[in-house]
Amino acid sequence: MKEIEMENIIRIVDMTLQYPPADEDADPQTAIDGLSLEIKEGSFVAVLGQNGSGKSTLAKTINALLPPTGGDIFVCGMNTKDDELIWEIRRSAGMVFQNPDNQLVSAVVEDDVAFGPENLGVPTEEIRQRIDDAMKKTGIFEQRKKSPHMLSGGQKQRVAIAGVIAMRPRCILFDEPTAMLDPKGRLEVMNIIKALKKEGITVLLITHFMEEAAEADRVIVMRQGKIAADAPPADLFSDTENVRRLGLDLPPAVEIRELLRAGGVDISDDVLDMGSLARVLCAGAEVTDGTERRRVREE
Amino acid sequence: MPIIAENISHVYNKGQPDETYALRDVSFSIEDGEFIGIIGHTGSGKSTLIQHLNGLLKPDSGRILIDGRDIMSKDVSLRGIRRKVGLVFQYPEYQLFEETVAEDVAFGPKNLGIPPDETDQRVREALRLTELDYDEIADRSPFELSGGQKRRVAIAGVLAMRPEVLILDEPAAGLDPKSHVQILEMIRRVREERKVTVILVSHNMDDVARLCSRVFVMEKGELILSGTPREVFSQTELLRKAGLGLPAAADLIFRMRTLGADIDGDILSAEEAADAVIKWLRKKGKRGR
Amino acid sequence: MLRDITLGQYYAKDSVIHRLDPRVKIVAVIVYIIMLFLVRDFIGYAVSFAAAAAVICASGVPFRFILRGMKPVAVILALTFLLNLFLYPGTVLLSAGPFHITQQGLHQALFMACRLILLIFGTAILTYTTKPMKLTDGMEALMSPLSRFGFPAHEIAIIMSIALRFIPMLVQEADKIMKAQQARGADFESGNIIRRVRSLMPLFIPLFIGAFRIAQDLAMAMEARCYRGGTGRTRLHVMKLHKRDAAASVLLAVYAGLILAERILPALF
């Protein structure tokens, strides 16, 4: 029994969330519409969808920041409706937000990272150990005495991640953590996300960047509060027509891959990033087949 | 209305131990109708540079000539310069303040002392250029619009001044892929219709490669490279040193070359990359036999 | 320039004064201020000055930094001095037209000036040697006994620390909005008062909206990190009193004793 619960770290059953109407005579706005979803512990799930599709609302309901108006959400087996479990839910499923400036509480980096453990009542010596650990993992240990105000966007976002790691969560929800960063900052954050996944932490990444989604084990596409697609990235991005219909883009590497395929080059669906594409093209085997085939057709 | 920068430097905390050059000896000239892209990582001086072009910041040395006149000289009206050189900051939607969209867009023209009739006409034109429906949106509060719409309203606020040069600092930052494409497409159309010079600051190398006629590369306050996208993006080493990436297609070719593939030519678009790779594979296939 | 503004005026150095427990420093400054108001003559000031000077020397903060701290209050200082000098009744020393300088006036003016200068020395040395965050921690600790009577000690401390974090950010934001509106031809500098106040609306409205947005985001981020008020919270920095704090307390007592003796003893005899 226990094991079954462990396997799905997040379980959402027929969840609906309506925001109260703006005017009295208006209808309530439905942000999430009867959504069911199960996420396995240790997986890396990316959530795509246009603005207003309900992605961010989804993350906030999992963190028990927003109560669903219908259905249930279980995080590590705990129902988010249970007020007594709310803190344990937020500790287990930490959250990193989009704006790096608006989520840091303290004027000193290490104090900010300590904020979560302090709130949890962790003993002082252990707080020190946890935050040093978290800051080293996210590469901001050298900056620990500085003010967040002096850091780059990517560094600030890494401070926010360290603050969540220091609470020792089993799952981290990232709500567009790279949207406001430059390419360098984005790369820094993505590298940390991948390292966390390797450590066995479940990652839910909401993003607009297709190349980030391509790194996940599973991609969920939201549309009007519902799940419009749910597949491994290799499958999702191989159906170009469907991708466009969902209002998404192809990851840059897949866009070129598709052009190459149209030109007769044989490349498999799981080539999703530029590094693999370059390697596959230079490695030869399948490629020679492709050109052979092409040659035959041409003759 | 050409813009010429002559050896401009800008120093923060001058004379103090933490003195830093935000700009160092930057010179360039921009002709009418060009589409300039400015790239460089955060803190490279891009934002400081564009704020010099409409007199929001004063250079510590050097000068900026617009229409052949130094914009800092006493007989040049800064307000006149700011009318001609429209600047849209990053996340401009956070600067909206009026009760209605129409009033907000009219803020610029009003400051310029444009009569009400013409202001109204300009507001309509600016909303049309930014692909917003005047009848539907003019009397609404800007704060109840969606993020993408707010940004368009803010851009309309600058367009309503009928600038001859339009500078945009990361106009697509934080938007979803669809809105991202739409906003850049809108800028391209505004440029064609209004015949404005556009200066686009961007982190997105693909956008710059696709849209711009000339690219400036900034690093540590210096203009280290300028040229057509093809010229600039062939300088992989220099860009790498400046902490910058490449457009996706150029990135693929660069990676393949690093792995030993002998592919020639400067490649910018996905189509070019696919063609070049297929050609190379065929050549290799022949050789392999 | 707006971007240069930083809150507080901490002078980074590793001196014994810097290392003192913030609670001890806050109490010391409060005692020092009370003593300054009890001083009756220049001897008391001389003692206070000697005490302040000793602390400044021990802190390693250059004296010119302390003087720089006087700049913002220079006008008040000059005004106090001049008002006392010219308006105090007594034996006339000098007069020019309607202005008279009296002996008592001169005494009073110097007396008040000394008090103000020494006050500034005290508070300046506190802020120069104590990081704002430590000050907040110290105040929270000192006020916490009051929370038993419903005094929101923790809340005040967290408000202060959030202000420390966000005020520089809001200043930057204001700078950005101002520039953006200037780029649209706004004029913040000319015109009469009413025009100028009106011209600030394009600055204030987005700034307030921005501040509310930050507040909303921050509240959510704090909740997500399990913030639920002061109860059950532990702290990363636990303040511990060291020998140096005991020594400082003894010195403080000696100083207060001297001032009190000087004030009370003549009355006894």
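**Ground rules.** I count residues from 1 along each chain as its sequence is written, and chains are lettered from A, with ligands numbered from 1, in the order in which they are written. Since I'm working with a predicted model, local features need pLDDT of at least 70 and side-chain atom pairs count only at pLDDT 80 or more, while totals for chains, interfaces and linings use all residues.

**Entry: chain A, its domains.** I looked up how chain A is divided, and found domain 1 (42–70 + 79–248) and domain 2 (251–299). Those bounds come from an automatic or database domain assignment. Taken over C-alpha atoms, the centres of the two domains of chain A are 34 Å apart.

Next I checked where they touch. Nine residues of domain 1 of chain A are in contact with eight residues of domain 2 of chain A (contact: C-beta atoms, placed from the backbone, within 7 Å). On the domain 1 side, α8 (210–213) and α9 (233–236) of chain A are the elements giving two or more residues. I noted that α9(A) gives the most there, with three residues.

Nonpolar covers Ala, Val, Leu, Ile, Met, Phe, Trp, Tyr, Cys and Pro, charged covers Asp, Glu, Lys and Arg, and the others, Gly among them, are polar.

**Entry: chain B against chain A.** Here I found 31 residues of chain B in contact with 32 residues of chain A. On the chain B side, α7 (177–194), α11 (248–258) and α12 (270–288) each give two or more residues. The largest share is from α12(B), with 10 residues. By class, that side of chain B has 14 nonpolar, 11 polar and six charged residues.

**Entry: chain C, overall.** I listed 11 helices and two strands in chain C. Along the sequence they read α-α-α-α-α-β-β-α-α-α-α-α-α. Its radius of gyration is 24 Å, well over the 18 Å from the globule rule for 269 residues, so chain C is more spread out than a compact globule. (That radius is taken over C-alpha atoms, and the rule is 2.2 Å times the number of residues to the power 0.38.) The C-alpha trace of chain C spans about 65 × 55 × 40 Å along its principal axes.

Notes:
Two residues are in contact if their C-beta atoms, placed from the backbone, lie within 7 Å. Helices (H or I, at least four residues) and strands (E, at least two) are DSSP runs, numbered from the N terminus.
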